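Okay, thanks everyone. I'd like to talk about helix packing today, so let me put the model up.

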Amino acid sequence: MTPRFVIIHNPRSRRNRSGNEQYSMMARRLLGDDFLTTKAPDELVRAVADLARRNVQCIVVDGGDGTLSDVLSAVHRHYSPDNLPAIAILPSGNTNLIAGDVGFGLRGMEALSRLNRLAAGGDMRRNIRRRRGLVVSWSDPQRSPVVGMFHGGAAFRRGIELAHQPAILDRYSHEMAVIMTLCSSIAHLLSRRFRQEWMQGDRVALTVEDAPRRAGSCFLFLATTLQKLPHGVWPFWQGHDSHDDGIWYLDVAGMPPRLTGAVLSLLRGRVPAWLRRNAAYDSGCARRIRLEMKEDFVLDGEVLDSGPDGVTYLSVTPPIDFIQA
């Protein structure tokens, strides 16, 4: 008998480390072997491959953005594009950016009870939000694509690398780590020695929908298939309608003018006319993007390399149903 839902539980996620024996005991009692505790990426891939063979149509991800990315990547590899499972995200990780837009909204015993009621009603997809996954592939056909929902390069990658330092990551919660990272980033920008490096950015060649967009130094690159970010931040504009299901991107050239004003506006979800007109700031929405950059980039909080030739491609999955409580 095909289970109504399966939970993939990451015990290493920050909010799961303290343990919740009542939740784990009840989940195992309810689901048996379909309460899956995966401790390594290859275990997770094998588990999702088995779910695809059994045609499991609802996967609950109990972890953070990194765990979700691993699950989406495995789903992309093993499920048919026209038969994707619905996903429910229980925000249990160090970073839960994606859950802020398409998360289930509950975790632990509350989530388990609600999921069980939805399953008993026979319609797990009764209340959904539909988004596309962001696929990153390399020029090397032997390297498997990965799927996430938030991509960042240049200054964003530098900031994440600061946040991942043990002095920050091991001592602070994610919220405090973000604050510490912001303070460290500001300190780097104020430092004469680091300011030039950060402001100049990385060499990036950007092609959007097969049309070359810009090549040169890039201070910041962001891309996402989400439609909402925390605290009203939305640094994207132009392109299609605000509810388009493509890839929203922001490309900021190296040594950008009026950076402080731009940051303050974008953090409040505002795009003044001067910023739209300024050639150093480019934004839009597309289905296909080609990036050429030698440096690493970040996908859903994880730092990945750009490959020997520095060429990566961003594309989208078919629509995915994310279950809401």
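At what angle do helix α2 and helix α3 pack, and how far apart are their axes? Before I answer: this is a predicted model, where local features need pLDDT of at least 70, side-chain atom pairs count only at pLDDT 80 or more, and totals for chains, interfaces and linings use all residues. Residues are numbered from 1 along each chain as its sequence is written, and side-chain values use heavy atoms, with hydrogens and water left out.

So, α2 is residues 41-53 and α3 is residues 65-78; they pack at about 45 degrees, axes 9 Å apart. Helices here are DSSP runs of H or I, at least four residues, numbered from the N terminus. Axes are lines fitted to C-alpha atoms over the stretch in contact, and angles run from 0 to 180 degrees between N-to-C directions. That angle makes α2 oblique to α3; under 35 degrees would be roughly parallel, over 145 roughly antiparallel, 65 to 115 roughly perpendicular, and the rest is oblique.

Who's touching whom? On α2 we have L44, V45, V48, A49 and A52, and on α3 D70, V71, A74, V75, R77 and H78, with contact meaning heavy atoms within 4.5 Å.

Now the other pair: α1, residues 21-31, and α5, residues 108-120. Their axes come within 9 Å and cross at roughly 20 degrees, which makes α1 roughly parallel to α5. From α1, Q22, Y23, M26, A27 and L30 meet G108, M109, L112 and N116 of α5.

Key. Helices (H or I, at least four residues) and strands (E, at least two) are DSSP runs, numbered from the N terminus.
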